Amino acid sequence: QDKVIPIGAADHVIGNPAAPVAMIVYSDFECPFCADFAQTIKQVEKEFNDKVAVVFRHYPLAGHRQAKKAAQAAECAAEQNKFWEMHDKLFADNEVRRMSAEQFKKDAADLGLDQNKFNQCLDSGKFEAKVAEQTAEGQKAGVTGTPTSFLNGNIYPGAYPFEDFKKIIDEELAK
């Protein structure tokens with residue numbers, strides 16, 4: 001299997017992209033474990049600040065009917081610099097089981113996005129290829145389910161609790 005692709009221009013990054021620890025997460029907005037795991041990621045951000053770069057990549061699972069559209073909604077929001085805000089909204093939608101293109105458009109309105117621009121983007125499937133490409137790259141790197149994280153290139157499949165990641169990150173920082 002290939003190595004995970006390093007952080008690049010197409011990525012959505014929280015923290016400093018040049019941080020000593022890169023945490024690349026392949027995730028699916030419709031996956032319940034991913035919604036829980038989003039909270040773990042928030043703890044990582046709080047605890048480690050600019051020592052960890054957190055990257056979100058798309059890996060919509062085939063069984064999740066709204067996952068691809070949700071991923072595209074996040075990319076459409078990113079065009080208006082609201083990727084992480086939409087990321088949080090989509091996971092909130094997941095938790096109340098309210099996932100649909102209509103809901104994503106409502107989320108965009110709630111975030112104050114340019115409605116026409118967002119709707120056009122979502123309806124056109126503009127980011128279908130980017131989502132498919134990230135999924136394929138994830139597969140090559142060994143992702144088989146979500147969430148799957150890579151910490152400095154090492155793969156950790158599953159929704160690990162924060163304590164486990166804290167240990168791993170501390171070890172990486174001590175190197």
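## Lys-89 and Asp-110

Lys-89 is partly exposed, at 24% relative accessible area. Here, buried means under 20% relative accessible area, exposed means over 50%, and partly exposed lies in between (1.4 Å probe, protein chains only). Asp-110 is also partly exposed, at 48%. This is a predicted model: local features need pLDDT of at least 70, side-chain atom pairs count only at pLDDT 80 or more, and totals for chains, interfaces and linings use all residues. Residues are numbered from 1 along each chain as its sequence is written, and side-chain values use heavy atoms, with hydrogens and water left out.

The side chains of Asp-110 and Lys-89 form a salt bridge at 3.7 Å, N to O. The term requires a side-chain nitrogen of Lys or Arg within 4 Å of a carboxyl oxygen of Asp or Glu. Asp-110 sits in helix 4 (residues 101–110) and Lys-89 in helix 3 (residues 83–95), so the pair ties together parts 21 residues apart in sequence. Helices (H or I, at least four residues) and strands (E, at least two) are DSSP runs, numbered from the N terminus.

## Asp-11 and Arg-57

Asp-11 and Arg-57 meet in a salt bridge at 2.8 Å, N to O. The pair links distant parts of the chain, 46 residues apart. Asp-11 lies in the segment before strand 1 (12–14), and Arg-57 in strand 3 (residues 52–58). Asp-11 is buried at 14% relative accessibility. Arg-57 is buried at 2%.

Lys-175 and Glu-172 pair at 2.9 Å, N to O, in a salt bridge. Lys-175 is exposed at 73%, whereas Glu-172 is buried at 14%. The whole structure holds 10 salt bridges.
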